[in-house]
Each structure stands twice: as C-alpha cells, then as structure tokens.
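Dear colleague,

Please find below the structure I am handing over to you. My findings follow directly after it.

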Amino acid sequence: MSETTESIPRHRRPAGLDAGIGRIPIMDVRPVVDGGRFPASCAEGETVTISANAFREGHDAMGVQAVLTDPDGAEQRLRMESVNPGLDLWETTVRTDRTGHWSFRIEAFSAPYDTWAHTAEVKIPAGIDPDLVCAEGALVLSRVLAEVEAGERPAGDGPVVRAALESLRSPGLPASARVAPALAADLRGLLAERPLREGVTVSGPYRLVVHRRRALYGSWYELFPRSEGARFEPERGWVSGTLATAAKSLERIADMGFDVAYLTPIHPIGTTFRKGRNNTLDPRPGDPGSPYAIGSADGGHDAIHPDLGTEEDFEAFVGRAQELGLEVAMDLALQCSPDHPWVSEHPEWFTVRADGTIAYAENPPKKYQDIYPLSFDTDYEGLYAAIRDVLELWVSRGVTLFRVDNPHTKPVRFWEELLAEFDEKHPEVIFLAEAFTRPTMMHTLGKVGYHQSYTYFTWRHTAEELREYLEELVAAAPYMRPSFWPTTHDILTPFMSSGGRNAFVRRAILAATLVPTWGIYSGYELVEDVPRPGAQEQIDNEKYEYKPRDYAGALAAGTSLQPLLRDLNRIRREHPALQSLTAIRFHEADDAQVLVFSKHLDAHASGTGAPDTILVVSLTEHDRDAWTTLHLDPAELGLEDPDRPFEVEDLMTSERFTWTRDPYVILSASDRPAHILRIIHPEEA
C-alpha cells in the first residue's frame with residue numbers, strides 16, 4: 001500500500017511538501033507571474049532564463065537544479081549555476097523546442113560530496129586529520145555506490161566510484177594519493193552531472209506556456225482592402241477596391257519581407273449615423289463609412305462587405321497570401337453599428353440609457369455615434385458563445401492572427417476564458433491587443449493570454465525615454481510581448497507629422513530593431529505625415545474614405561521607403577539576435593540623443609551554431625546630426641578581450657570598420673541616421 005503525504009512521518013517527507021520554508025530556502029523563482037496565478041510564457045526556440053535565490057545555513061556545499069517537464073510529461077534536469085558567488089542567485093537557461101504547456105520546478109539540496117571535496121583540498125595538503133578525511137570521503141562515496149547498485153544511477157558510474165573508494169581505503173598510500181582518485185576530474189564530472197543529494201527542497205511546479213514562433217517574432221503590414229484598387233469614376237463616383245484587387249498587393253508586401261498581412265474590418269458597414277470624411281457627421285453620397293461601424297442588413301461580424309467580394313474571394317486572398325509565405329490577420333472589433341443584426345435580435349447585449357436609447361461609444365471628448373459597445377453584464381454566456389462562433393468561423397477560413405480593437409473595454413474575465421479556450425482548441429492562433437490604456441490593464445491582458453500588445457513606443461522619442469521603456473518591457477517579458485508601430489490608422493504623433501522623411505526613417509529603424517515584432521500601416525512608405533487639425537491622426541483619414549496610393553510611382557521616383565523596409569526585414573530575418581527581446585543591452589554615448597544598444601546570442605541560443613551580435617547606433621531626433629564617442633561594454637557584445645579592436649559590418653551599406661570599445665561615430669539626419677552593425681567574431685573573420 002502506497003503512503004499518502006499525510007501518512008509519511010514528518011522527518012521523512014521531502015522538504016518541498018512541508019508548509020514551511022523547507023530545509024534549504026528557495027526564494028524569488030523566475031519566470032513566475034503573480035506567484036504562479038498565471039503561467040509564464042515564451043516562444044518556440046526562445047532562450048529562457050530560469051533563476052532562483054537559494055541558500056543554506058553554515059558553510060556546507062549545496063546545489064540547485066531546475067527540472068523541466070515537457071507537454072508529454074518527460075522530465076529534463078538542468079544544473080543551475082551560482083552566477084554571483086556569495087549572493088545566492090542561481091541560474092540556468094533552456095531553449096524550448098516545441099509548443100505546448102510545460103512546467104518547471106526548482107530543487108535545492110545539500111551536496112555532501114562537494115562539501116567533502118572542499119574539506120579534503122584544504123586539510124590534506126596541511127596534514128590535518130588525513131585518516132579521518134579519507135574515512136569521511138569513503139562514507140560519501142559508499143552512498144554513491146549504493147545508488148549505482150540500486151539502479152538509481154547509470155551502471156557506468158560504478159567503476160570510477162569503486163576505484164576511488166578502494167584508494168580511500170588503502171592506508172598504505174600517502175594521504176594525497178589516497179584522495180587523488182576521489183578528487184579527479186572524471187569523478188567530479190559525473191557527480192556534477194548527477195550530484196549526491198540530501199535534504200532536497202522543492203519549489204514549484206510553475207507553469208510555462210510555449211507559443212509558436214510568430215507570437216514572438218514577425219513583421220506586420222496593415223491595409224484597408226477597400227482602398228487597394230479603389231478608383232474614382234466621374235460618372236459613377238468611387239468604386240471600392242475588393243479582396244481580389246487587394247490580393248494583387250500581397251506580392252509587394254511579401255517582397256518587402258513582411259510576414260503578416262493585417263486586414264482592417266471587412267464586414268458590412270452600417271448607414272445609421274455613418275461618419276463622413278474626417279470623422280464628420282454629414283457623410284456625402286458615396287462615403288463608405290468607418291469599417292469599425294460593423295453590421296448592416298447584409299450581416300454582421302460573420303459576413304463580408306458586398307463591395308469587397310464573397311467568401312470565395314476571401315479564401316482566394318488567404319490562399320494567395322499563403323503562397324507568398326504570408327499569414328493573414330484580421331481585426332476583431334467587438335462593437336456594432338445601429339444596423340447590426342445583433343441590435344434587433346439581442347438588445348440585451350447592449351447598454352440602454354435612461355431615455356430608452358442604446359448608448360453609443362464615447363471616449364470623451366471623442367464620440368462614436370456610429371458604434372454601439374457591447375455589454376457583458378446581462379447575457380454573458382450568450383454573448384460569449386456568439387463571439388466565440390465568429391472567431392471559429394474566421395479561423396476555419398484561414399485566419400491565424402487577430403488584432404483585437406480596444407480589448408481593455410471588455411471584461412478581463414471574458415478574455416481569460418476565451419483565450420484559454422482558443423489556446424486549447426487552436427494554439428496556432430495569435431491575439432494582438434490594441435490596448436493603449438493604463439499599464440495595469442495592459443499587463444493583465446498579457447497575463448490572461450494575449451500573445452502580443454501594442455505599446456507606447458509611438459510616444460517615446462528620446463534616447464532616455466526609449467531606454468527606460470525597453471527596460472520596463474523586458475521586465476514584463478514572461479507574460480507580455482510588445483509590438484512596435486511608428487504610426488497606425490489612428491495615430492500620427494507630432495514627432496511624425498513634423499519630421500518628414502527623416503522621422504519616418506528613424507522610427508522604422510528603431511521599431512524594427514528594438515523589439516522582435518513590429519508593424520507599419522500602409523502609406524508609411526509614402527511618408528504620409530499631414531495631420532488633421534487638432535488631432536493626432538492623418539487628415540483625410542482612410543477610416544472614412546477610399547485612399548488608393550501610387551506605390552509603383554513613388555518607387556520609380558525614388559521617394560518610397562519601400563527599399564528601407566525591405567532591408568530592415570531582411571536584416572531581421574537573417575539575424576536571430578534581432579528576433580529576441582530579452583537579449584537587449586544598452587551602451588553609452590556622449591551625445592544624450594544617440595541611442596546605443598546591442599543584442600547578443602551565443603551559439604546555442606542563436607540556433608545557428610554561431611554567435612550572433614547586432615549593435616545599433618541611432619539618432620533619436622529627426623532634425624540634427626551627431627558627432628559623438630560611444631562607450632561600449634565588450635562583454636555584452638560577446639567579446640572576450642575588452643582591449644582588442646574588433647571588426648563590424650554595417651548591414652545597411654555593407655561597409656566594414658575596425659572599432660574599439662570607445663569608437664567615434666558621425667551620424668547624419670538625412671544620409672546616415674543609424675548604424676545597424678554585425679559584430680564579426682574572431683571565428684567568423
């Protein structure tokens with residue numbers, strides 16, 4: 001009959017089962033989110049650092065291991081190293097090779113062999129108690145041999161242990177000779193890999209969800225399908241672009257190296273309180289309305305706007321994207337126009353005001369008269385099921401990513417349940433939160449399952465602001481992955497509207513290199529930078545009108561940023577270091593407005609068999625040059641000799657330079673706003 005935990009005498013229980021701190025304290029385990037209330041997360045192939053503070057009383061040696069359990073229940077033991085001797089921090093790294101739900105626990109233990117080995121190394125040369133030291137060593141190794149004979153260790157450990165034991169038990173030999181086999185490298189090696197343990201204390205298990213690679217790394221391109229191929233005919237007025245004409249743009253998007261084609265809502269648009277150009281309340285004939293005012297007599301969130309085409313056209317669009325190596329993302333905007341079928345069929349899903357009218361959306365002073373927000377407080381289950389069914393429909397049509405509009409205006413409970421259901425049924429589907437709101441809400445959305453989040457990068461401009469913000473985001477990396485967008489269809493900051501081409505170049509470089517996921521809104525290539533008076537968004541906004549663009553003409557004229565975007569995505573694709581968030585390290589420059597950062601992965605973490613190190617030196621202002629000295633930390637660049645010059649290659653120009661730890665650089669606002677450099681390690685030279 002097996003023993004239960006309660007039936008085991010307290011003195012024989014594994015320390016991790018005790019309610020107290022345990023025989024060997026284990027504190028501050030990471031990555032752990034809110035004490036384990038939420039799982040930590042990472043992406044397939046990402047290197048994750050597992051750490052803990054562990055210590056014991058006195059001077060006896062101890063060890064710490066992380067035990068990693070994969071989705072099938074198989075365990076892997078990882079030795080943790082003391083990274084700051086005397087200060088109790090232990091670390092190891094793991095590179096997960098598959099998606100799914102993993103876990104890890106920390107096991108700390110007394111290490112009697114290491115304690116004895118240290119004693120022997122001190123006492124034997126000093127001639128202190130040599131026979132007693134040998135006898136104590138024999139007791140320790142006898143325990144190791146017992147584990148071999150019990151099948152708890154590989155049989156191959158036996159000969160080495162037996163030889164060391166025989167030597168320790170040979171009084172005719174000098175003490176130094178007696179202990180030599182027990183201190184030899186072969187025995188030390190096997191006991192480092194499989195230590196003799198006592199007083200084992202366990203902390204955990206802790207959950208770790210591994211998502212597919214796209215959750216961490218990718219380049220998004222946003223487009224309004226109705227603008228792609230739209231045209232104005234004098235006799236008919238505006239003729240909408242379609243999914244078929246939008247599909248023709250996919251080749252250009254793929255050619256620039258983007259991974260995701262993101263579609264703003266493609267559903268029918270309401271006519272009641274339809275917005276006109278520039279968000280006016282008096283639409284003119286032919287104004288298409290905002291695609292975020294979803295729903296009409298033609299259907300709701302499960303339908304396609306008749307002007308855009310049919311289900312077959314959508315399937316053809318997705319098919320063409322897949323042929324080009326693109327994934328398709330869709331907007332999930334959980335709101336309805338007054339004409340949405342849900343308004344008449346399920347009035348309980350909306351908020352009714354005192355006068356009997358349904359409340360439209362407001363974000364004072366902004367008003368969205370053409371949109372009704374949903375209420376989750378009357379029929380939660382019914383509304384949940386309807387939204388789930390909408391998502392299931394689009395997933396069945398080939399959508400693998402959703403950009404969720406304003407998720408912070410819906411209950412967090414709803415997202416936790418919905419995202420958990422889709423993680424179970426469709427773990428390949430990725431959700432990006434468009435939540436420009438309070439940090440607590442943004443972080444909590446990440447904790448409950450959002451794979452990515454928009455960020456405040458758009459409003460962080462100085463080197464100091466960017467550095468502080470990246471440090472904040474790295475601290476949140478176990479549950480929140482940032483996505484950097486210089487502009488969106490909703491946002492055109494004063495920095496972007498006043499800086500012209502220089503600002504667009506600068507921010508693209510920073511967005512593409514600071515974090516693994518970035519995106520641009522169509523028209524960025526053309527430097528569309530004219531704001532609507534009094535608002536931080538473009539004039540003649542595409543949300544309210546058709547906006548066809550002459551991409552080919554701008555490219556032929558040499559004014560398009562398309563070549564820059566292609567280069568940035570190529571560099572990101574070729575260098576695993578830029579596909580990491582947590583690898584970022586900042587360096588110093590004498591000019592406070594020059595941002596200097598690096599990303600380094602060793603050969604194991606890069607996945608290529610070679611180290612990969614990228615160093616970025618960039619202006620943050622758009623209207624001045626810089627002549628400045630940098631102060632680099634060679635260790636963070638993977639350089640072993642801090643005083644030795646090293647070679648770098650500019651990945652934008654293919655130029656090579658010889659630098660030292662304090663190079664002098666000249667940056668030009670119009671000609672060379674940044675260096676994106678590859679460190680050429682000695683083995684690559």
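A residue is called buried under 20% relative accessible area, exposed over 50%, and partly exposed in between. Please note that the model is predicted. Glutamate 136 has a relative accessible area of 35%, and is therefore partly exposed. This residue belongs to helix H2, which comprises residues 130-149.

The C-alpha trace extends over about 110 × 65 × 45 Å along its principal axes. The chain counts 685 residues, of which 54% are buried. Taking contacts between residues at least 6 apart in sequence, 74% are made by residues at least 24 apart.

Helix H14 (residues 494-514) deserves a separate paragraph. Its end C-alpha atoms are only 21 Å apart, whereas a straight helix of 21 residues would span 30 Å at 1.5 Å a residue. At glycine 500, H14 bends by about 130°. The helix is largely enclosed by the rest of the structure, because 16 of its 21 residues are buried.

With kind regards

Terms used. Residues are numbered from 1 along each chain as its sequence is written. This is a predicted model: local features need pLDDT of at least 70, side-chain atom pairs count only at pLDDT 80 or more; totals for chains, interfaces and linings use all residues. Side-chain values use heavy atoms; hydrogens and water are left out. Helices (H or I, at least four residues) and strands (E, at least two) are DSSP runs, numbered from the N terminus. Buried means under 20% relative accessible area, exposed over 50%, partly exposed in between (1.4 Å probe, protein chains only). Contact means heavy atoms within 4.5 Å. The expected span of a helix is 1.5 Å times one less than its number of residues. The bend at a residue is the angle between axes fitted to the seven residues ending there and the seven starting there.
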